[in-house]
Amino acid sequence: FSDENGEESSKSLSDRDWAILLTGAKLVELPENTRLVEQGNYNKYLYRLHSGQLRVEKDVDNKQITLAVMDKPGTVFGEMSVLGKLGAATASIVANTDAKVYRIACSFMQSILLNEPELALRFYKNMGQKLATLLKDISSFEEKKVSIAQTRKNSLKDLNENNDNNNNNNN
């Protein structure tokens with residue numbers, strides 16, 4: 001879970017919380033370049049990085065673009081799966097190096113959250129904070145895209161005007 005500064009804040013969940021959640025986890029070893037989550041597929045797990053490095057990839061026009069790298073032990077991802085079938089994964093998660101992750105089945109998460117209301121409150125609060133940060137980042141990204149598009153449009157306009165002026169001067 002990321003806090004408002006983009007730092008991992010899995011500390012928002014207590015050691016006791018993680019002890020409970022990890023009772024239903026399986027430690028999965030991932031050799032380098034192993035795909036853990038595939039873009040377009042449904043995910044049924046919450047993950048917590050134990051060791052190693054993972055990258056978030058997105059297929060854009062048949063090219064794999066790296067969106068982020070996760071290398072801090074304790075980094076949590078796959079939270080949207082806990083909410084239910086909200087759609088297919090929008091990106092892939094791939095081991096950049098040999099890595100280990102805790103994999104917690106969403107069905108287990110649901111039962112724990114039903115039986116541990118205080119843990120559920122902290123979990124969903126963290127999820128809300130993470131979603132708010134993502135939305136803010138997306139909005140900022142969209143604003144930058146519009147700014148870049150406008151800059152390109154202005155540059156092309158200037159280039160065309162310069163070409164027109166050069167052509168007129170040559171005649």
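1. N33 sits in the loop between strand 1 and strand 2 (35-37). Strands here are DSSP runs of E, at least two residues, and helices are runs of H or I, at least four, numbered from the N terminus. The phi of N33 is positive, about 70 degrees, and N33 is not a glycine.

2. On provenance: this is a predicted model, where local features need pLDDT of at least 70, side-chain atom pairs count only at pLDDT 80 or more, and totals for chains, interfaces and linings use all residues. Residues are numbered from 1 along each chain as its sequence is written, and side-chain values use heavy atoms, leaving out hydrogens and water.

3. D61 also deserves a look. Its phi is positive, near 55 degrees, in a residue other than glycine. D61 lies in the loop between strand 4 (54-60) and strand 5 (63-70). Exposed or buried? D61 is exposed, because its relative accessibility is 70% (exposed is over 50%, buried under 20%, partly exposed in between; 1.4 Å probe, protein chains only). Most residues other than glycine have a negative phi.

4. Four strands form an open sheet in the order 1-8-3-6, with antiparallel pairing (a pair needs at least two DSSP bridges). Strand 1 (25-30) and strand 6 (76-77) are the edges, each pairing on one side only.

5. Helix 1 (residues 15-22) packs on this sheet. Helix 1 touches strands 1, 3, 6 and 8 (contact: heavy atoms within 4.5 Å). Its direction makes about 80 degrees with that of strand 8 (axes are lines fitted to C-alpha atoms, for helices over the stretch in contact; angles run from 0 to 180 degrees between N-to-C directions).

6. Strand 3 (residues 45-51) and strand 8 (residues 99-105) run antiparallel, joined by six bridges. L49 has V101 of strand 8 as its bridge partner. Helix 3 (residues 106-115) lies across strand 3 and strand 8, at about 60 degrees to strand 8.
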